[in-house]
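Subject: Structure for you to look at

Hello,

Here is the structure I said I would pass on. Please open it next to this message and follow along as you read.

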Amino acid sequence: MSWAWEYAFGAEEAARTAPPAFIAEVEHKAAELVRAAEAQYVHGRAHAELDPRGSDITVRGGMFAYQIVVRSERVYILQITYLGF
């Protein structure tokens, strides 16, 4: 298994209704998070500690909340919020 990101819960449904430019910003930042997590947790599947705290990231047009699950080698986008700025 290799590191990747994916939508979780209702975030995928919200992504279908948000403007494409905003979704592109979210997906670009999610890809950056994946690369950073992959570099920090080289042996992700063998990780025995707690997962890091999730956080919020502001992007052009809104924000999104994410959580890293190291043993699954995934960055989950939990919620996206389009604010139109």
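Predicted model: local features only at pLDDT ≥ 70, side-chain atom pairs only at ≥ 80, totals over all residues.

Residues are numbered from 1 along each chain as its sequence is written, and side-chain values use heavy atoms, with hydrogens and water left out.

Confidence. pLDDT is the predictor's confidence in each residue, from 0 to 100. The chain averages 90, and 99% of the residues score at least 70.

Four strands make an open sheet with mixed pairing, in the order β1-β4-β3-β2; two strands pair if DSSP finds at least two bridges between them. β1 (4-7) and β2 are the edge strands, each with a single partner, so one side of each has no neighbour in the sheet. From one strand to the next the twist averages 30°, where axes are lines fitted to C-alpha atoms, for helices over the stretch in contact, and angles run from 0 to 180 degrees between N-to-C directions. β1 and β4 pair in the parallel sense over four bridges. Tyrosine 7 stands opposite isoleucine 77 in β4.

The core. A nonpolar core is a set of buried Ala, Val, Leu, Ile, Met, Phe, Trp, Tyr and Cys residues joined through side-chain atoms within 4.5 Å. Buried means under 20% relative accessible area, exposed over 50%, and partly exposed in between (1.4 Å probe, protein chains only). The largest core here has 22 residues, and those with the most contacts inside it are Trp3, Phe64, Tyr66, Ile77 and Ile80. Two or more residues each come from α1 (11-17), α2 (20-40), β2 (55-59), β3 (62-69) and β4 (74-82). α2 gives the largest share, seven residues. The structure holds three of them. Rings of Phe, Tyr and Trp (its six-membered ring) pair if their centres lie within 6.5 Å; planes under 30 degrees apart count as stacked, over 60 as edge-to-face and the rest as tilted. One of the pairs joins tryptophan 5 and tyrosine 7, which are edge-to-face at 5.2 Å centre to centre, with 90° between the planes. Tryptophan 5 is partly exposed, at 24% relative accessible area, whereas tyrosine 7 is buried, at 18%.

Loops. Most residues other than glycine have a negative phi, and most peptide bonds are trans. Phenylalanine 9 has a positive phi, near 55°. Phenylalanine 9 is in the loop between β1 and α1 and is exposed, with a relative accessible area of 76%. Glutamate 73 also has a positive phi, about 55°, although it is not a glycine. Is glutamate 73, with its relative accessible area of 6%, buried or exposed? Glutamate 73 is buried, and lies in the loop between β3 and β4.

Regards
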